[in-house]
Structures are given as C-alpha cells and as structure tokens.
Amino acid sequence: MSTLADLMNPETRNILEKYKRLSTLALEMGIEKDKTTDLVYISDKLKKTDYKHKEEILNLIEKLSKIKISYIFL
C-alpha cells in the first residue's frame, strides 16, 4: 500500500517539508495558525522581532519565494 508521500515526486515532497518546517517555526514564534505559511506576513513579523530561528526562517522564505516565482513562469 502506497502513502501519499510515496506518490509525490521528490521535488514536491521537498517543498512540502519546507512549508511544514516554516509553519512549525512560525507557530513557535507566536504567529497565528492561519498565517504560518504566508511568506510576506512572516517576513514582515520577523522585521520587528529577534527570534532565535530568524535566519532559518528567512532562508526558508527565500527558497519558497524562489519556488513560487519559478512556478509562475512555467
């Protein structure tokens, strides 16, 4: 029996893992659950705080933003 993860290609699985990590860190930072994958909102919140995982979050936002842009131009 296959799981959904087994049916996804590695690139899709990697993107989802990045969003999951971002969501987890955003929740720890105190961001509302419905905003934990909003790249612009999280980025704006980070400007006003000194969160211990700030660099990791910024790195995830950068990577996910590039992915979103590349899919727009497909």
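I started at K18, which touches L60, K63 and L64, leaving aside residues up to four places away in sequence. Contact here means heavy atoms within 4.5 Å. I noted that this is a predicted model, where local features need pLDDT of at least 70, side-chain atom pairs count only at pLDDT 80 or more, and totals for chains, interfaces and linings use all residues. Residues are numbered from 1 along each chain as its sequence is written, and side-chain values use heavy atoms, with hydrogens and water left out.

**K18, continued.** I placed K18 in helix α2. Buried means under 20% relative accessible area, exposed means over 50%, and partly exposed lies in between (1.4 Å probe, protein chains only). A salt bridge needs a side-chain nitrogen of Lys or Arg within 4 Å of a carboxyl oxygen of Asp or Glu.

**Whole chain.** I counted four helices and zero strands. The order from the N terminus is α-α-α-α. Both kinds of element are DSSP runs numbered from the N terminus: helices are H or I with at least four residues, strands are E with at least two. Of the 74 residues, 24% count as buried. I also looked at contacts between residues at least 6 apart in sequence: 42% of them join residues at least 24 apart. The accessible surface is about 5,600 Å², and 56% of that belongs to carbon and sulfur atoms. These areas come from the Shrake-Rupley method with a 1.4 Å probe; for residues, only the protein chains shown count as cover.

**Helix α2.** I checked the length of α2, residues 10-29. Its 20 residues should span 28 Å at 1.5 Å a residue, and its end C-alpha atoms are 28 Å apart, so the two agree. The expected span is 1.5 Å times one less than the number of residues. Buried residues in α2 include I15, Y19, L22 and M29. N9 caps the N-terminal end, with a side-chain oxygen 3.1 Å from the backbone nitrogen of E11. Just after α2, G30 takes a positive phi of about 100°.

**D38.** I found D38 in the loop between α2 and α3 (39-47). D38 counts as partly exposed because its relative accessibility is 29%. A polar atom of its side chain lies 3.2 Å from the backbone nitrogen of V40. D38 and S23 are 15 residues apart along the chain, and their C-alpha atoms are separated by 9.1 Å.

**Salt bridges.** How many salt bridges does the structure hold? I found three.

- R21 and E56 meet at 2.8 Å, N to O. R21 lies in α2 and E56 in α4 (residues 54-72), so the pair ties together parts 35 residues apart in sequence. R21 is partly exposed at 32% relative accessibility, and E56 is partly exposed at 31%.
- K47 and D44 meet at 3.7 Å, N to O. Both lie in α3, three residues apart, about one turn of the helix. K47 is exposed at 64%, whereas D44 is partly exposed at 35%.
- K66 and E62 meet at 3.3 Å, N to O. They are four residues apart in α4, so about one helical turn separates them. K66 is exposed at 53%, and E62 is partly exposed at 43%.

Conventions
Polar contact = N/O pair within 3.5 Å; in protein donor to acceptor, adjacent residues only side chain to side chain.
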